[in-house]
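Subject: The two-chain model, and what I found in it

Hi,

Here is the structure I promised to pass on. Have a look at it first, and then read on for my notes.

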2 protein chains.
Amino acid sequence: MEIIKYPSREEWPLLLTRPALNVSMLFDTVRPVLNEVRAEGDAAVRRYEEKFDNVTLSDLQVSEEEINEAKNLVSDELQQAIRTAKGNIEKFHASQRFTGQKVETTTGVTCWQKAVAIEKVGLYIPGGTAPLFSTVLMLAVPARIAGCKEVVLCTPPDKDGRVHPAILFAAEVAGVNKIFKIGGIQAIAAMAYGTESVPKVYKIFGPGNQYVTAAKQLVSLKDVAIDMPAGPSEVEVIADEKANPDFIAADFLSQAEHGVDSQAILVTTSEYIVDKVVRAIEGQLEKLSRKEITEKSLSHSRIIVLDNEQEVIDFTNQYAPEHLIIQMENYSDVAEKVENAGSVFMGAYTPESAGDYASGTNHTLPTNGYAKAYSGVNLDSFIKKITFQEITSEGIRNLGGAIQTMAANELLDAHRNAVTVRLKTL
Amino acid sequence: MEIIKYPSREEWPLLLTRPALNVSMLFDTVRPVLNEVRAEGDAAVRRYEEKFDNVTLSDLQVSEEEINEAKNLVSDELQQAIRTAKGNIEKFHASQRFTGQKVETTTGVTCWQKAVAIEKVGLYIPGGTAPLFSTVLMLAVPARIAGCKEVVLCTPPDKDGRVHPAILFAAEVAGVNKIFKIGGIQAIAAMAYGTESVPKVYKIFGPGNQYVTAAKQLVSLKDVAIDMPAGPSEVEVIADEKANPDFIAADFLSQAEHGVDSQAILVTTSEYIVDKVVRAIEGQLEKLSRKEITEKSLSHSRIIVLDNEQEVIDFTNQYAPEHLIIQMENYSDVAEKVENAGSVFMGAYTPESAGDYASGTNHTLPTNGYAKAYSGVNLDSFIKKITFQEITSEGIRNLGGAIQTMAANELLDAHRNAVTVRLKTL
């Protein structure tokens with residue numbers, strides 16, 4: 001953990017850097033797998049499941065039976081927690097429903113937008129040490145609320161060909177239509193192109209390792225939309241001298257434990273709390289099961305002391321953190337000034353893990369500074385806004401001249417003529 | 001022009017194809033230019049302006065003087081038309097402003113979204129035979145309404161180092177901050193990375209040739225957001241037997257004149273109108289200045305007769321046209337059933353050129369079937385929706401247990417601990 005006190009603004013760019021991220025060097029590895037799945041479908045998927053997940057699968061799709069069994073394997077406590085989280089995610093995302101309003105821009109010329117769900121979406125849930133059932137909820141619940149007709153989920157099976165019951169349970173609760181035991185590049189390919197078993201989808205969501213990220217990037221160039229570019233997860237905590245060092249340390253560590261490339265940053269105007277926070281981090285770290293990962297990620301984490309609140313705000317907007325936690329007395333004022341962030345956590349009792357799991361906001365958020373241009377996943381991510389317009393004969397009389405003039409000046413005769421032929425009949 | 005009558009659904013996939021589109025083969029050509037501009041800034045931009053636009057530029061930025069002069073070179077008629085269009089685009093896009101609502105998902109847990117403008121955006125306006133001032137309005141007006149602080153525009157100059165006055169006038173009316181005489185790959189690079197003259201932006205918008213498209217794709221992988229993937233422009237007209245063949249022909253041709261790779265499709269249940277439309281197309285074509293381009297593009301255009309209205313709707317949703325013109329008596333009913341389209345034009349007096357120029361809707365729309373997952377450019381394109389949440393001590397008491405349970409089951413101790421340390425203090 002690096003501690004930097006009162007850096008000049010010239011030194012900021014270095015402090016704003018993130019752990020390196022460049023998946024394009026993986027494109028040559030990823031491309032053949034994509035192409036084989038595109039050409040051979042399920043056969044290629046099966047081959048790569050053997051190769052990468054060490055499993056020989058008869059059925060790629062999780063059976064109804066397996067889903068029913070899963071329920072018995074998930075504790076009542078976890079079932080209840082998943083239902084609570086699902087309820088809150090549903091409430092918050094349902095509040096984001098969009099209704100376009102009709103606007104008469106010129107007499108007789110009416111324009112409006114209509115939200116229509118993306119018909120088929122694909123969700124990718126990584127495997128690994130922990131079952132990310134929370135991500136299932138974060139992606140499938142809004143997809144359902146948006147009205148997506150087909151919600152497909154791919155996740156790698158374990159060596160016995162099984163998917164973790166908590167993932168199956170969350171998928172069932174959230175209303176996923178079809179679950180496939182497919183991981184990695186081959187999962188992205190299957191959803192992007194479709195196979196005998198897996199429907200082709202129009203947009204792919206979800207986190208993954210660098211191969212999954214590279215595969216998503218490649219298929220997004222031409223074949224299918226994706227949620228957003230991905231990078232390592234990160235948190236910035238802003239704190240003043242009254243903030244509780246234990247709370248700061250806990251938020252810091254809960255980011256750091258995600259992975260060795262995660263980044264946590266504390267930005268404060270109070271030198272006074274620095275030592276307390278460092279001690280609290282050291283104390284809490286000892287008790288963590290993922291201590292080794294967490295320590296590695298702490299090695300590129302930073303505590304930065306700045307001169308005043310304005311500097312803190314400027315630094316934050318330049319960093320554009322995925323998660324921003326504001327533990328300051330005047331957290332509402334500071335939050336007002338945030339221009340670049342994925343999700344903002346306000347006040348002492350609002351840990352990032354609330355948004356990661358159960359408060360209702362989405363946890364699929366822009367990393368790597370992408371918050372400067374991207375929103376996190378929200379209901380909009382699952383819809384398109386189609387524009388409609390209706391022009392009456394009076395409308396074309398009113399607006400036709402302007403259209404004709406502009407078309408003529410862009411040297412587009414036929415565009416002008418489309419108005420002329422209509423005006424002639426009036 | 002191909003005329004296909006009553007194809008079976010098995011034959012549809014072929015009819016749904018578009019003129020080929022694969023810019024990834026240009027990546028190796030584009031990448032060195034991007035890298036040189038990234039490394040050398042203005043010097044590389046100047047070098048490529050000499051090479052590709054045959055012009056030696058002293059100042060890359062258009063001067064205030066040039067902008068003032070432009071006004072005198074644009075006819076009053078065109079000035080008025082541009083102002084009318086600008087007013088309508090402003091009205092429609094201003095109606096899209098978003099205000100998030102606060103949602104208490106659990107007692108003491110409040111979540112909301114806030115729209116914040118993307119601070120810096122870059123607009124690319126292609127050069128070529130016609131000055132695309134309409135695209136300037138379509139991109140700069142919503143950028144301004146959204147509240148983007150810096151709106152940068154790049155467009156290639158002519159051989160004398162000038163930008164068409166109508167483009168400068170439209171940029172001035174729409175409120176562009178800085179205009180640069182830079183085209184092609186070097187323009188995309190300059191906006192993606194920044195140079196001594198050109199500010200780095202966070203999102204790049206606008207059409208362009210295949211090199212520009214390839215450059216946008218490459219920079220979008222990591223460095224900057226883009227509006228959407230691009231392909232050749234296209235229109236689908238749906239018509240019944242009462243539709244006016246001259247109107248259909250005019251709409252058909254106004255798409256075809258865009259470029260040799262444009263595509264126009266007429267889908268109808270009425271065999272009766274086919275000959276009439278063909279004759280009308282032939283008649284109108286003769287008088288067009290861009291006859292040669294238009295003829296080439298007609299060679300991959302299609303008239304398709306289907307059995308019934310349901311087939312027309314299914315075909316349309318599978319094709320997902322950029323522009324959809326519905327010239328049917330029951331156009332409102334049919335429009336209700338549209339699920340995949342960029343922009344829909346309803347009724348006899350609503351030509352595509354209205355939306356291309358002046359009705360108020362945006363003309364930057366998803367091509368190539370991307371309408372299945374993408375919206376056209378709209379106010380959302382210029383903002384991010386940041387989520388905020390505030391949890392009271394009561395809130396964390398209510399929700400803390402569910403968070404702890406979920407975190408423990410995902411084996412994320414520190415996530416659980418971030419709740420535990422807080423609950424301990426209550």
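Helices (H or I, at least four residues) and strands (E, at least two) are DSSP runs, numbered from the N terminus.

Two notes on conventions before the rest. This is a predicted model, so local features need pLDDT of at least 70 and side-chain atom pairs count only at pLDDT 80 or more, while totals for chains, interfaces and linings use all residues. Residues are numbered from 1 along each chain as its sequence is written, chains are lettered from A and ligands numbered from 1 in the order in which they are written, and side-chain values use heavy atoms, leaving out hydrogens and water.

The sheet

Two strands count as paired if DSSP finds at least two bridges between them. Within chain B, strand S12 (residues 323-327) and strand S13 (residues 343-346) pair in the parallel sense over four bridges, and B:His323 has B:Ser343 as its bridge partner in S13(B).

The chains and their contact

Chain A has 17 helices and 14 strands, and its C-alpha trace spans about 85 × 60 × 45 Å along its principal axes. Of its 426 residues, 64% count as buried; buried means under 20% relative accessible area, exposed over 50%, and partly exposed in between (1.4 Å probe, protein chains only).

The contact (heavy atoms within 4.5 Å) takes 121 residues from chain A and 122 residues from chain B. About 10,500 Å² is buried between the two chains, and carbon and sulfur atoms give 58% of that. Buried area is the accessible area (1.4 Å probe) that two parts lose on being put together, summed over both. On the chain A side, A:Tyr349, A:Met406 and A:Arg422 lose the most area to chain B, together 8% of what that side buries.

Annotated positions

In an unreviewed entry, the UniProt annotation "binding site" covers A:Gln255, A:His258, A:Asp356 and A:His415. These are spread over 161 residues of sequence and also in space, up to 55.3 Å between C-alpha atoms. UniProt annotations may be inferred rather than shown by experiment.

A:His258 sits in the loop between helix H10 (245-256) and strand S10 (263-268) of chain A, and is partly exposed at 33% relative accessibility. Leaving out residues up to four places away in sequence, A:His258 touches residues of both chains, including A:Glu352, B:Leu412 and B:His415. A:His415 is in helix H17 (residues 413-424) of chain A and is buried, with a relative accessible area of 0%.

A:Glu322 is in the loop between helix H13 (309-319) and strand S12 (323-327) of chain A, and counts as buried at 5% relative accessibility. Beyond four places in sequence, A:Ser233, A:Ser343 and A:His363 are among the residues in contact with A:Glu322.

Two backbone details

A:Ala320 is in that loop between H13 and S12 of chain A. Its phi is near 55 degrees, a positive value in a residue other than glycine, and A:Ala320 is buried with a relative accessible area of 0%. B:Tyr6 also has a positive phi, near 50 degrees; B:Tyr6 lies in the loop between S1 and helix H1 (12-15) of chain B and is partly exposed at 38%.

Best wishes
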